Amino acid sequence: MTDADTDSDTDPALDPISLEIVRNQLESIAEEMGQVLIRSAHSPNIKERRDCSTALFDAGGRLVAQAEHIPVHLGAMPRAVEAILERDRDPEPGDVFVLNDPFAGGTHLPDVTLVSPVAPRGEIVGYAVSRAHHADVGGATPGSMPAGATEIYAEGLRIPAIRLVREGELDADVLELLLANVRNSEERRADLRAQLAATERAEERVDELLDDLEPETDLETAVDAVVDYSRDRTRAELEAFPDGTYEAADVLEGDGITDGDVPIEAAVTVDGARVTIDFAGTAPQVAGNVNAPLSVATSAVYFVIRAVTDPEIPPNHGCYEPIEVRAPEGSLLNPTPPAAVVGGNVETSQRVADVVFAALAECVPDRVPAQGQGTMNNLIIGGRGRGGRADETIGADGEPTAESNAGFTYYETIGGGFGGRPAADGIDGVQVGMTNTLNTPVEALETEYPLRVERYALRPNTGGDGEYRGGLGLERSVTVETDAVVSLLTDRRRTRPAGANGGEPGAVGRNLVGGREVGSKTTEPVPAGTTITVSTPGGGGYGDPTARDPTARERDLADGKVSEGDTTDGDEQSQ
């Protein structure tokens, strides 16, 4: 598609009112898909944490609408649809494809994607896509996120784009092959069925949309109008930015094999209504698992550009069209198989977002906050002990029938500090950047798994000082009641999240296993009774600390968010 093809100087295909109605209808379909998936899922990771995303694409593979779920999922979804169309240019109505291969449309192996043609009246008019993080997909360790992986084969079952459903009929052989290679197979079966239910709901709702559109306009015209609208608004935002090239760099704290810093460099070039992000200068791909497929790096860039333009612009192909992302083949952000990548999706994506934000802080400083925690603080615990419903077989009626030896796999990303903002304090104890999940409630966690939560609290003195204080990190301590394997994929344990415009940095995080401090990326077996503590980083402060409102300081002190003589070092304090 050329620039001439994307100009919208002609009269719009829809009047503004019709455009807004259609846009909301499309987005509501994506949102309802997500609700069906969450409410139908069996695993706590999906039904409680909502670690899943849904979206709707047109017949040509363009993103049309997405639910506001997980940024690292959503920006990479177009590559999944591309992978299906590259594999089979003529899918049939009633087909559903499954994939998780990071080198062919996926992000990392635990994120399993279903892509289904939408053809309510026999002709394919689009694709419904769901992506959900399954708590285990096989591999060397429970949870499929081993810190020491050096090849993707250690990270789990790798699924190319294949049919799971063929012309409306579930392929039982394919399903059983997949389930034979994962832990907690009945939980995986139930979550896959929840994803299938989401795609079925999309087809029902698109059928209703076609009724609403006819005879005034056709779906293709409506979709074109929505995509054009997003593209034009994004281009208008970018045109208001000062042209130039803006650069920034940062590091990851090791790759899980060595502790050496892994550099990420970005040059962001704004040229009129287009922006190019070039990661030349970033490290070559590494031995460990923090390599990130280009689709993951692209997701991080899309997230940042949306944040610094106008987040209210409808998220679809149009708002991503003016953005170009480059990374050398064989680099950390464009690795070649069989590179290990499971940490790239969850940790490297965070640092990419930090670096692109830092570069754009030169360009649009009033739109960029101080750095947030910059990590997802991934905690994975798995074993073969009893784990409530996670150890039960699910029958054809969807009800538990008998115990099995499947054991359990618990996965969590833990919130931390959001950076101080140009006109407001940062937010305490939230997910930051490329993830947008909830936490697992203590009651659900202790019911589902042989785990006991000892402590879950904010960490005082962890937000960077400034005119606007950085958000506080969290501390979560969990004791395992059976022998287990623990994996931690984290960052910002040595390098503090930076402040902005004179603000102080936030505190680093810390990981303890049985009271012993461990590195940012580690996997190890632990005996029953071991307590794992994850203390997450705070956010950087924004603005000169001497300009902070004295009333705000008094309030922070009264709330226990800071103590007298606060040094923002994250030292443990009583609460």
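**Close-up views of a predicted model**

**View 1. Strand β4 pairs with strand β5.** β4 and β5 (residues 126-133) run antiparallel, joined over 8 bridges. The model shown here, as in every view, is predicted.

**View 2. Strand β4 also pairs with strand β3.** Strand β3 (residues 96-99) meets β4 in the antiparallel sense, over 3 bridges. Here Leu99 has Thr113 of β4 as its bridge partner.

View 3. In β4 both faces are covered. Asp111, Thr113, Val115 and Pro117 are buried on one side. Val112, Leu114, Ser116 and Val118 are buried on the other.

**View 4. Phe303 and Phe357 form an aromatic pair.** The structure holds 4 aromatic pairs. In this one, the ring centres of Phe303 and Phe357 are 6.0 Å apart and the planes stand at 90 degrees, so the pair is edge-to-face. Phe303 belongs to helix α9 (residues 294-308) and Phe357 to helix α11 (residues 342-363), so the pair ties together parts 54 residues apart in sequence. Phe303 is partly exposed, at 24% relative accessible area. Phe357, at 15% relative accessibility, counts as buried.

**View 5. Three rings form a cluster.** Phe408, Tyr410 and Tyr449 are linked by ring pairs.

**View 6. A charge sits over a ring.** The ring belongs to Tyr456, and the charged end of Arg476 lies over it. The distance to the ring centre is 4.2 Å.

Note on methods. Residues are numbered from 1 along each chain as its sequence is written. This is a predicted model: local features need pLDDT of at least 70, side-chain atom pairs count only at pLDDT 80 or more; totals for chains, interfaces and linings use all residues. Side-chain values use heavy atoms; hydrogens and water are left out. Buried means under 20% relative accessible area, exposed over 50%, partly exposed in between (1.4 Å probe, protein chains only). Helices (H or I, at least four residues) and strands (E, at least two) are DSSP runs, numbered from the N terminus. Two strands pair if DSSP finds at least two bridges between them. Rings of Phe, Tyr and Trp (its six-membered ring) pair if their centres lie within 6.5 Å; planes under 30 degrees apart count as stacked, over 60 as edge-to-face and the rest as tilted. A charge sits over a ring if NZ of Lys or CZ of Arg is within 6 Å of the ring centre and within 35 degrees of the ring normal.
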